[in-house]
Amino acid sequence: MTESAKKNRVPEDVMMDILIALPIKSILRFRCLSKSWNSLITDKDFINAYLAQAKPLLLLRRWQDRQELYSLHLDNESLDTSLQFQNLPFRSEAGCFDIIGSCNGVVCLSDIDHQGRTKSLILWNPTIRKHLYLPLPKLCGPHSATWGFGFDLSSDDYRVVRVVRQVSSKREFPMEFQVFSLKRRRWERINYSPTLGPFCVAPEACKNSGYCNQVAFNGILHWLVYREENDNRRHSFVLSFDLSNDKFGEIMLPECLARVDIFWMVISELDDSLAALFYRRDAKSVDVWFMREYGVRNSWDRLYRIQVDGFTRAMVFRKNGEILMTKHGSDEVVSCNPRTQASRNFGNLGLRRCDHAEYFVQSLSLLNESNGIVPRGKKKKQKGNVKLNSRSLGEEQVMEPGGGAGS
Amino acid sequence: MSSSTDSPTLTTETTQLSPQPDTETAKPTKKITLKSSDNQIFEVEESVAMEFATVKSFFEDSPSTDTVPLPNVTAKPLSQVIEFCKEQIKFKANPDEAQKKKYNAEFVTEKSDKDLVDMIPVANYLEIKDLLDVLNQAVADRIENKSVEYVRSFFGIDNDFTAEEEAALRREHAWAYEGVDED
C-alpha cells in the first residue's frame, strides 16, 4: 500500500458511524480487527452512541417446555419475533427468575425460592450474552421484599434497590432500604424519611414470591405499596426512589384506587409519567389511569375502561396507541386499542404463557464490566479455587450495610 | 493560503477531467476549479462545488480565488464524488425521493469495495453529509456478515494484536464468529 493510500484511511469518527449501522454481533466480532477498532468499540462514547440510536423492541418472557424463554419482538402489527435468547447461561434454583426490570438493554433478574429466600441476583445483557452475578444484600432469608433496578445518569451507574422487612410473628421489624451500586460493587443502607411510616411491599397473596410491581423511568424507581391504616383499611400508594439523590417519596393514587388491594393493580409508564391499571373482577374490565402531571395527585385521570376477561400483569403503552397486556391465568399476550376496544390475542402466534412484557433496546451495556463476582451459592462447590473463595468472602464483608469496609 | 505557485509545473499540466460532459447546460454558468492532490484539475459548476461544505467555506474566506487546492483528495474518488453531487443537484431542483433512493443505491452498488473506502475520507473532508451517510450504510452492508480477515483487507487494516490477545478476544465472544459468510 502506498503512503498516500494509508493517509486516506477512514477517519475514526466515520468508523464510528459505520459501526453504529451494524448489528451488535458484527460489532463484537470486529473488536478483533485491530487495537484501534477495539478501543473505539469499547469506548464509553461509542457504547452510549449505540444505545442512543437503538430501536425500541418489546421484550417478552414466556414458558415453553418447562423453560423460561426470552424473546425480542418488533413493535409492529404482528409482533414479529426479532430474536430469541436461547440457552440461558444461568439457571434458577427456584424454577424461574423474577424480572426486577430492565434498563439500557440490561435485565435485572432475581432468583427467589418459595420461602422468599434470595438465591441469586443477576445483571444480564442478553444481546452481548453477558451476565454478572451480584453480591446478595444482608437479610436474604424469608423476608417480605420488593426490588427495583435502574440507571442513574448523574453517576453513570446501575443501581439495584431493595426494600425489605424481616417477617416474624413475634415482633414488628422496621423497613430496611438497601441500594447496590455496580460501580462500587457493594450494598449500602439508605436512611429514609420517617414520615413514610411502616408499609407493606407485597400483597398477602404474594408474600413469599418474588412479587414485583415496579416501574422505572427518568432515573426514578416506583413501586406500588400499601399501608394499614388505623381504621384497618388499606391505603395503597406509589413509593418512589430517586436514584440521583437517594431520596424516597410517596406519590398518592386517586382516591378510588388508594382503597384497592395492590394485587389487582399494575403500574406502568406513559409519556414520562405514571399510569395505573386496575382490574375490576366484577365487571371483567380494566380501568387505565394516567397521572397527567407527574407527582400531582389531582392530575390523575381515568383514560379508558377496557373489557378484558382476565387480570393483566404487565402493561405496555405501545407507540401505535395500543396497550399490550399479559393475562394472568392464560398468560396470553393481548394488544388492545382502548378507543375501539378492539383487541388482538397473540396466543395463537406462539406467544402463550407469557408473563412479562416491556420495551427493551439492544445495547453494548456491561461490555466493559469485569466478571469478578462469584455467586453465593457456588462458593462451596469451587473448593479448588482458593483465590476466588477468599475474594467472594471479601465481597460479603463489604456488603454489610453501613459497614466501614470501603474505608 | 496555499497556492499552486510552489510547484510551477502544475499550471501547465491541467488535465481536463470532467466526469460527465455537461450537455444540457446551454447558458454559461460559473465554473469553479478544483485541484486534487495528484494535480488533476476539475472544472465544476458552482452549484456542485457548493455541495462541498469545505469548498464553500474556502470561497467565503477568499472569494477571489479561482482554483481550490484539495491536498487530501486524489482524482479518482473526487471524480466519483462530483458525479454523485451532480445528481443530487438535480434532485434538489426536482425532488423525487424514490428516484433519489434508487440512484443512491445504484451509485454504491456499482462501486468496488476500494472505491467506496477511498470515497469515504473524501466525502468526510469535503463534508458532504448525504454522500457520507450513503457510503457508511453501503460499507456496513458489505461487511456486516464478513470475517475479521475479510474486513481487515477491506479497510486495509494492519492487525496489531498478538496471537494471544486476538485469541482471548475471540474467546470472549465466540458466538459472534459463528455463521459468518465465506470470504
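This report describes the domain interface, the chain interface and the salt bridges of a predicted model.

**The two domains of chain A**

In the domain assignment, chain A is divided into domain 1, covering 1-53, and domain 2, covering 54-360. The C-alpha centres of domain 1 of chain A and domain 2 of chain A are 37 Å apart, and the contact between them draws on 7 residues from domain 1 of chain A and 6 residues from domain 2 of chain A. Between these two domains of chain A an area of about 500 Å² is buried, with carbon and sulfur atoms giving 62% of that area. Of the area that domain 1 of chain A buries against domain 2 of chain A, 65% is supplied by Ile24(A), Leu51(A) and Gln53(A), which is more than any other three residues supply.

The polar side of this interface can be described in the same terms. Between domain 1 of chain A and domain 2 of chain A there are 4 residue pairs in polar contact, counted with both residues at pLDDT 80 or more. On the side of domain 1 of chain A that touches domain 2 of chain A, the elements giving two or more residues are α3 (24-29) and α5 (44-53) of chain A, and α5(A) provides the largest share of that side, with 5 residues. By class, the residues of that side of domain 1 of chain A divide into 5 nonpolar, 1 polar and 1 charged.

The rule for salt bridges finds 1 across the interface of domain 1 of chain A and domain 2 of chain A. Lys44(A) and Asp156(A) form a salt bridge through their side chains, with an N to O distance of 3.2 Å.

**The interface of chain A and chain B**

Where chain A meets chain B, 29 residues of chain A are in contact with 37 residues of chain B. The area buried between chain A and chain B is about 3,000 Å², and carbon and sulfur atoms give 63% of this area. There are 2 salt bridges between chain A and chain B; a salt bridge also joins the side chains of Lys35(A) and Glu165(B), at 4.0 Å from N to O.

**Salt bridges and their surroundings**

Over all chains, a search of the whole structure finds 36 salt bridges. Because Lys44(A) belongs to helix α5 of chain A, whereas Asp156(A) belongs to the loop between β8 (143-152) and β9 (157-166) of chain A, this pair ties together parts that are 112 residues apart in sequence. Asp156(A) has a relative accessible area of 26% and is therefore partly exposed.

| Residue | Partner | N to O distance |
|---|---|---|
| Lys44(A) | Asp156(A) | 3.2 Å |
| Glu228(A) | Arg234(A) | 3.8 Å |
| Arg297(A) | Glu255(A) | 3.6 Å |

In the salt bridge of Glu228(A) with Arg234(A), Glu228(A) counts as partly exposed because its relative accessibility is 42%, while Arg234(A), with a relative accessible area of 19%, is buried, since buried means under 20%.

The salt bridge between the side chains of Arg297(A) and Glu255(A) links distant parts of the chain, with Arg297(A) in the loop between β18 and β19 of chain A and Glu255(A) in helix α6 (residues 255-258) of chain A, 42 residues apart. Arg297(A) is partly exposed at a relative accessible area of 27%, whereas Glu255(A) is exposed, with a relative accessible area of 53%.

Asn298(A) is also found in the loop between β18 (285-291) and β19 (300-307) of chain A, and Asn298(A) counts as exposed because its relative accessibility is 76%. From C-alpha to C-alpha, Asn298(A) and Arg62(A) are 37 Å apart in space, and in sequence they are 236 residues apart.

Finally, a network of salt bridges links Asp75(A), Arg318(A), Glu322(A) and Arg344(A).

Conventions:
Residues numbered from 1 in each chain as written. Chains lettered and ligands numbered in written order. Predicted model: local features only at pLDDT ≥ 70, side-chain atom pairs only at ≥ 80, totals over all residues. Heavy atoms only, no water. Domains from an automatic or database assignment. Contact = heavy atoms within 4.5 Å. Buried area = accessible area lost by both parts, 1.4 Å probe. Polar contact = N/O pair within 3.5 Å; in protein donor to acceptor, adjacent residues only side chain to side chain. Helix = DSSP H or I, 4+ residues; strand = E, 2+ residues; numbered from the N terminus. Nonpolar A, V, L, I, M, F, W, Y, C, P; charged D, E, K, R; others polar. Buried < 20%, exposed > 50% of the residue type's maximum accessible area, 1.4 Å probe, protein only.
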